[in-house]
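Have your viewer ready and your selection tool at hand. Here is a short walk through a few residues, one stop after another.

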Amino acid sequence: IIEFAESLSFVLTAYLTLCKSFIFMASIKSVIQLMKELEQLLKSSDFDRGQKRPHVIFYESSVLRISNLTYAFHLALCNLSILMAIVFIEKRRLPFKTWYYFDHLKSDFVHGILLAIEYLMSHYVFIVNTSLDYFPVIFMCYILAILKELKERIGRMHENMKSTEVDLKKCVDLHVKVEEFCQKISQTYAMQLFFQGLFSSLIICTSTFLLTKVRN
């Protein structure tokens, strides 16, 4: 049961990546449309033409830093796994426990091939999985930046009462567009988030079970 649980954690991650990839390919047209609409929203929400937008810059830099840290962490984890396999090469230890058709315990060549497959597969899984996870995050960060700019614009309306009516109409129209855009994000990524929550729950339960079986 313990060996099955150890294999299940990696297998679920691989299947989650597979499911999210199929969902992304099925909704690729919707994602492209969201990107085009986001570009239009950024243009229409640029109240101060040609000036820096601190909120947009802040969220862009934040997402970039966090995503770089995520990629670096997973890259280090994959490299550490292959390093442990190399250190314990005499025991024919693989980076991730799983089942193969071949007996790698009796052949150095087969064992080396399986090491290479698992190493490349782990990189593929974390790159694709992380990239797909950050798509909705990027959309929502831009929306947060636009809403903060909209809030500041409404707060400055009393300074110029002559243009208040025009600015208010523009702000209301922008808010409606933002709300519609958020609904489209929810519809596009609802299935992906469902599978993410389902598989993550199973992985957490499996990892918790394995932690209860750890002994000195």
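**First stop: a serine in a helix**

Start by selecting Ser-62, which sits in helix α3 (residues 54-87). This is a predicted model, so keep that in mind as you look around. Is Ser-62 buried or exposed? Its relative accessible area is 14%, and because the cut-off for buried is under 20%, Ser-62 counts as buried. Now show the backbone of Phe-58 as well: the side chain of Ser-62 reaches the backbone oxygen of Phe-58 at 2.8 Å.

**Next: the aromatic rings**

Time to turn to the rings. How many aromatic pairs does a search of the whole structure find? The count is 7. For one of them, select Phe-24 and Phe-135: the ring centres are 5.4 Å apart and the planes stand at 50 degrees, so this pair is tilted. Phe-24 belongs to helix α1 (residues 2-26) and Phe-135 to helix α4 (residues 108-155), so the pair links distant parts of the chain, 111 residues apart. Colour the two by accessibility, and you will find Phe-24 buried at 18%, while Phe-135 is partly exposed at 26%.

Stay with helix α4 and pick Phe-139 together with Tyr-189. Their ring centres lie 6.4 Å apart with the planes at 50 degrees, so the pair is tilted. Tyr-189 comes from helix α5 (residues 164-212) and Phe-139 from helix α4, so the pair ties together parts 50 residues apart in sequence. Both Phe-139 and Tyr-189 are buried.

Conventions
Residues numbered from 1 in each chain as written. Predicted model: local features only at pLDDT ≥ 70, side-chain atom pairs only at ≥ 80, totals over all residues. Heavy atoms only, no water. Helix = DSSP H or I, 4+ residues; strand = E, 2+ residues; numbered from the N terminus. Buried < 20%, exposed > 50% of the residue type's maximum accessible area, 1.4 Å probe, protein only. Polar contact = N/O pair within 3.5 Å; in protein donor to acceptor, adjacent residues only side chain to side chain. Phe/Tyr/Trp six-rings, centres within 6.5 Å; stacked < 30°, edge-to-face > 60°.
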